[in-house]
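Thanks, everyone. I'll take one structure and walk through its fold. Please bring it up on your screens.

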Amino acid sequence: MCLICDRIEQIKRGENPYFVKELDTGYVVIGDHQHFRGYTLFLYKSHGNKTELFHLAPAERTRFLEEMTVVAQAVSTAFGAEKMNYELLGMGDAHLHWHLFPRVAGDMGTCGNNGNGPVWWYPMEKMYCDDERPTEHELSDMKQSLLLELDKLL
Ligand SMILES: [Zn+2]
């Protein structure tokens, strides 16, 4: 089973502490590591052999993109983004999932191109270090803020 299918199973069992909300096409979850505060993922509901946007039927694809956009807007408002970054990657886990990063000036420190550039230019060992994991209290606050904004838009 892929990591994302595994996380979705945790959501269905009510055991995923990062889970925020279920939409028609996917699940909204807060990212495990929060160097980029407000980092959120939108996980497509099913995996199967649908690993590219062009594998989805047009109506389903439109709905998935529309819902991702709403999630991005909620993330932007909830966490005060200056600019949202959107990424659909999948070389690690092919399961369709959006990485939604609220970006603010200075969030790369001196990394990247003089502090500018995609989040992935921030060193992996710093981005994924345990110090960047939200505390239970922080996570609870983040989920509440995001849910509030999502519910305004949906
Ligand atoms: Zn999967």
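This is a predicted model: local features need pLDDT of at least 70, side-chain atom pairs count only at pLDDT 80 or more; totals for chains, interfaces and linings use all residues.

Five strands make an open sheet, and the pairing is antiparallel. The order is β1-β2-β3-β5-β4. The edges are β1, residues 19-22, and β4, residues 83-88. Each has a single partner strand, so one side of each is left without a neighbour in the sheet. From one strand to the next, the twist averages 20°.

Some of the pairings in detail. β2 and β3 pair in the antiparallel sense over five bridges. There, Y27 sits opposite L43 of β3. β3 and β5 are also antiparallel, with four bridges. In that pair, T40 stands opposite L100 in β5. β4 and β5, the latter residues 97-103, pair over six bridges, again antiparallel. Here L88 faces W98 of β5.

Next, what packs on the sheet. Helix α2, residues 58-79, lies across β2, β3, β4 and β5. It runs at about 25° to β5. Helix α4, residues 136-153, packs on the sheet too, touching β1, β2 and β3. Its direction makes about 20° with that of β1.

Let's stay with α2. It has 22 residues. From its first C-alpha to its last it reaches 31 Å, close to the 32 Å expected at 1.5 Å a residue. Which of its residues are buried? They are F64, M68, V71, A72, A74, V75, A78 and F79. Look down the axis of α2: these buried residues fall within an arc of 165°, so they line one face of the helix. A reminder on spacing: an α-helix has 3.6 residues a turn, so residues three or four places apart point the same way. On the other side of α2, P58, A59 and T62 are exposed. And the cover over the buried residues of α2? It includes β2, β3, β4, β5 and α4.

Compare α1, residues 3-12. Its buried residues are I4, R7 and I8. They cover an arc of only 100° around the axis, which puts them on the same side of α1. The other side of α1 has L3, D6, E9 and K12, which are exposed. The cover over the buried residues of α1 includes β2, β3 and β5.

The largest nonpolar core has 29 residues. The ones with the most contacts inside it are F42, L43, V71, V75 and L100. Two or more residues each come from α1, β2, β3, α2, β5 and α4. The largest share, eight residues, comes from α2.

Take F42 from that list. Leave aside its neighbours within four places in sequence. F42 is then in contact with G26, V28, M68, V71, H97, W98 and L100.

That brings us to β3, residues 40-44. Is this strand enclosed or open? Five of the five residues of β3 are buried, so it is largely enclosed by the rest of the structure. T40, F42 and Y44 point one way from β3, while L41 and L43 point the other way. All of them are buried.

Last stop, T40, which lies in β3. How many other C-beta atoms lie within 10 Å of T40? There are 27, and the cut-off for buried is 20 or more. So T40 counts as buried. Not counting residues up to four places away in sequence, T40 touches V28, V29, I30, G31, V71, V75, L100 and L146. One distance to finish: T40 and L89 are 49 residues apart in sequence and 14 Å apart in space, C-alpha to C-alpha.

To recap: an open antiparallel sheet of five strands. α2 lies across β2, β3, β4 and β5, and α4 touches β1, β2 and β3. Thank you.

How values were computed:
Residues are numbered from 1 along each chain as its sequence is written. Two strands pair if DSSP finds at least two bridges between them. Axes are lines fitted to C-alpha atoms, for helices over the stretch in contact, and angles run from 0 to 180 degrees between N-to-C directions. Two residues are in contact if their C-beta atoms, placed from the backbone, lie within 7 Å. A nonpolar core is a set of buried Ala, Val, Leu, Ile, Met, Phe, Trp, Tyr and Cys residues joined through C-beta atoms within 7 Å. A residue is buried if 20 or more other C-beta atoms lie within 10 Å of its own, exposed if 12 or fewer, and partly exposed in between; C-beta atoms are placed from the backbone. The expected span of a helix is 1.5 Å times one less than its number of residues. The arc is that of the directions from the helix axis to the C-beta atoms.
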